[in-house]
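I opened the model to look up a few local and packing details. My entries follow in the order I made them.

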Amino acid sequence: MNPILAVGAIALVLVVTSLIGVYGLRISRTTSDFFVASRTVRPIWNASAISGEYLSAGTFLGLSGLVLLSGSDAFWFPIGYAAGYLLVLMFVAAPLRRSGAYTIPDFIHARLDSIVARRITSALVLVIGWLYIVPQLHGAALAVNVVADIPPWVGAVVVAVVVSGSVAAGGMRSITFVQAFLFWLKLGALLVPVIFFVITLGGYEPRIDPELVFPAEHGPSGLDAYTTASLLLALLCGTIGLPHVLVRFYTSPTGSSARWTTVIVIAMISAFYMVSGTIGLVARATAPDLARPGIADTVALLLPSRLIPGIAGELLTALVIAGALAAFLGTSSGLVVSLSSVVSQDLFHGTVRSFRWAAVVCAAVPLGFALATVPQGLVTSVANVFVFAASALSPVIVLGIWWRPLTARGAIAGMLVGSVLCAAALIASSVFGPQAGPAAALLAQPGAWTIPAAALTTIAVSLLDRRTPLNTDRMLSRLHTPELPRASGSPGAS
């Protein structure tokens, strides 16, 4: 691996990202520009930006590594990630855009007229966002250390500084351009090597032991029904509870535009998952010696130089490094934007100045945590965030849109039960592991019981409480009434 090319690729991505961020500074002036890009982002740009922030380090590096390690088990992750957007499309995208909110806590406050529910939602959004940023910083540290032998902390610090600077400079409008650019860079960074792999391996018969490379216990017949079903449920519902995903729909001009954005996102991320999964399959056939925990996550970085010798392989490696950095930057910037909006709105009255300071704080907190902890499996870390978001926020968001009897007390009870149960299960799983015996699977994949527990608690407490806000009917009518065509000049179309 050529360290000069690697460092050059990293520097080029950082320079281009910074330039786009500076361009955003020139066109971002108002509070609406910073929080929701003045709600003017068209579907193709918004879909590119959503895909840019959704495809994290866990996906870019971790999915191919997990396919290498686990075979068909790994494909439940992209299936769940992509299918989660179908639920967003059907139940959340358009109504949430019509709410007129800037953040998830804004929506909960407007729907339930409760400052306590808003504060709890804000706290959960911060926890989810920070937990999601930490694996991105771990991934950046891992990548720069592997490709250029640079101390791991440098990668994490550089990503945090660039992200907080770009967000503080231009807010949501600036980050939209940055994330759209990063998505296409990520897709190209994996697609081009895959094309070269296919050309290079055409007609090549690898000498493999099928029992070693594709063991039956890691195939479809070896799947554990509870673990698989619980994981899939968490991935499906978790997308609804991710703050950086939902905040993007507030930038759409209309509810219909938000739905079209979601459709395009599903197509974009599905194409990316196919490319990333293909690299994992190629690695299982040609580099089974990399199938070791801690090493497998680097397979996308190591495979080009193994299969394609010479300068061509080194250039492809540099391209993958650029894509990996784009993954760290894209997801981290989306999360920092959404968290900055929440902190600025809840603590500092939503001014541009407070938004900029909040961006610095929201990047510094997870950076400190990342520097103080040891990286775990990237995909597993991201999956844990999904199950926590699905347990803590998704039931309340869906019920808030579609269930009239929801009350503030019901929502608070549901969020507390879901978050506490899920956090306790994940902590217990990390402490006891397989020693938990029959409960090990229940603790490692708690979504199958924590998500229903949160939803049932929300419903039961709301039915006992029965004190719905006075504006419930007006709010629900607003959520579910399609906007008039923009040509009519209706304010609702803006």
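I began at Asp 113, which sits in the loop between helix 6 (104-112) and helix 7 (115-148). I take helices (H or I, at least four residues) and strands (E, at least two) as DSSP runs, numbered from the N terminus. The model is predicted, so local features need pLDDT of at least 70 and side-chain atom pairs count only at pLDDT 80 or more, while totals for chains, interfaces and linings use all residues. Residues are numbered from 1 along each chain as its sequence is written, and side-chain values use heavy atoms, with hydrogens and water left out.

Phi of Asp 113 is near 50°, a positive value in a residue other than glycine.

Arg 466 is exposed, at a relative accessible area of 67%.

Next I went into helix 21, which contains Leu 476. Is Leu 476 buried or exposed? Leu 476 counts as buried, at 13% relative accessibility. Not counting residues up to four places away in sequence, Leu 476 touches Arg 111, Gly 400, Ile 401 and Arg 404; contact means heavy atoms within 4.5 Å. Leu 476 and Gly 400 are 76 residues apart in sequence, and their C-alpha atoms are 8.7 Å apart in space.

I turned to helix 20 and its partners. Helix 18 (residues 408-432) packs against helix 20 (residues 447-465) at an angle of about 160°, with the axes 7 Å apart. Axes are lines fitted to C-alpha atoms, for helices over the stretch in contact, and angles run from 0 to 180 degrees between N-to-C directions. Helix 18 and helix 20 are therefore roughly antiparallel to each other. My cut-offs are under 35 degrees for roughly parallel, over 145 for roughly antiparallel, 65 to 115 for roughly perpendicular, and oblique for the rest.

On the helix 18 side I noted residues including Gly 410, Gly 414, Val 417 and Leu 421; those they meet in helix 20 include Ala 453, Ala 454, Thr 457 and Val 461. By class, the contact of helix 18 with helix 20 has ten nonpolar, seven polar and two charged residues. Ala, Val, Leu, Ile, Met, Phe, Trp, Tyr, Cys and Pro count as nonpolar, Asp, Glu, Lys and Arg as charged, and the others, Gly among them, as polar.

How do helix 10 and helix 20 cross? Their axes come within 8 Å and cross at roughly 45°. Helix 10 and helix 20 are therefore oblique to each other. Tyr 226, Ser 230, Leu 233, Ala 234 and Cys 237 in helix 10 meet Gly 447, Ala 448, Trp 449 and Ile 451 in helix 20. I sorted the residues of this contact into seven nonpolar, two polar and no charged. Among the buried residues of helix 10 are Ser 230, Ala 234 and Cys 237.

Last, I took the overall counts. The protein has 21 helices and zero strands. Buried residues make up 57% of its 494 residues.

Definitions and conventions
Buried < 20%, exposed > 50% of the residue type's maximum accessible area, 1.4 Å probe, protein only.
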